[in-house]
Amino acid sequence: MNDNKVYVEVIVKFSIEGAMMPIEFIWEDGTKYVIDKVKSKERCASRKAGGTGIMYTVMVDGKECHLYYEFDKWFMERKSA
C-alpha cells in the first residue's frame, strides 16, 4: 500500500457536453474543501503516489494542489512530513 496516496470523496459537476469538473473534496480527516478554480486538466502519472489518470490542477484557499481521477477513484498526494 502506498502511504502517499490518499483516496478522497469528490463532488463533481457535469457540463451539458459531459465534461467532468470537481467542485469540492473531503480529506481523510473529514474536512471539506471547496475548489475555487480548476486551472488545468491533463493526462498524467503521479510520481509521488503512483498511479495514472487525469490530473486536475486546482486552487483551494489560494493554494494550488493536484487532484487525480484514476479509473473510478479520486486521489491526492499526501504532503511529506
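Reader: How do the residues of the lining of the largest pocket divide into nonpolar, polar and charged?
Author: They divide into six nonpolar, one polar and seven charged. Here Ala, Val, Leu, Ile, Met, Phe, Trp, Tyr, Cys and Pro count as nonpolar, Asp, Glu, Lys and Arg as charged, and the others, Gly among them, as polar. Note that this is a predicted model, where local features need pLDDT of at least 70 and side-chain atom pairs pLDDT 80 or more, while totals for chains, interfaces and linings use all residues. Residues are numbered from 1 along each chain as its sequence is written, and side-chain values use heavy atoms, without hydrogens and water.

Reader: What volume does the largest pocket have?
Author: About 380 Å³. A pocket is an open set of points on a 1 Å grid over the protein atoms alone, where a 1.4 Å probe fits, with protein on both sides within 12 Å along at least five of seven lines; lining residues have an atom within 4 Å of a point. The volume is the space filled by probe spheres set on the points, which are joined across faces, edges and corners.

Reader: Switching topic: how many salt bridges in the whole structure?
Author: Four, a salt bridge being a side-chain nitrogen of Lys or Arg within 4 Å of a carboxyl oxygen of Asp or Glu.

Reader: What does K5 form a salt bridge with?
Author: With E70, the closest N and O atoms being 3.2 Å apart. K5 is in strand 1 (residues 5-7) and E70 in strand 7, so the pair links parts of the chain 65 residues apart.

Reader: Are K5 and E70 buried or exposed?
Author: Both are buried, meaning under 20% relative accessible area; exposed is over 50%, and partly exposed in between (1.4 Å probe, protein chains only).

Reader: Which residue does E28 pair with?
Author: R78, at 2.4 Å between the closest N and O atoms. E28 lies in the loop between strand 3 (20-26) and strand 4 (32-34), and R78 in the segment after strand 8, so the pair ties together parts 50 residues apart in sequence. E28 is partly exposed at 47% relative accessible area, and R78 is partly exposed at 28%.

Definitions and conventions
Helices (H or I, at least four residues) and strands (E, at least two) are DSSP runs, numbered from the N terminus.
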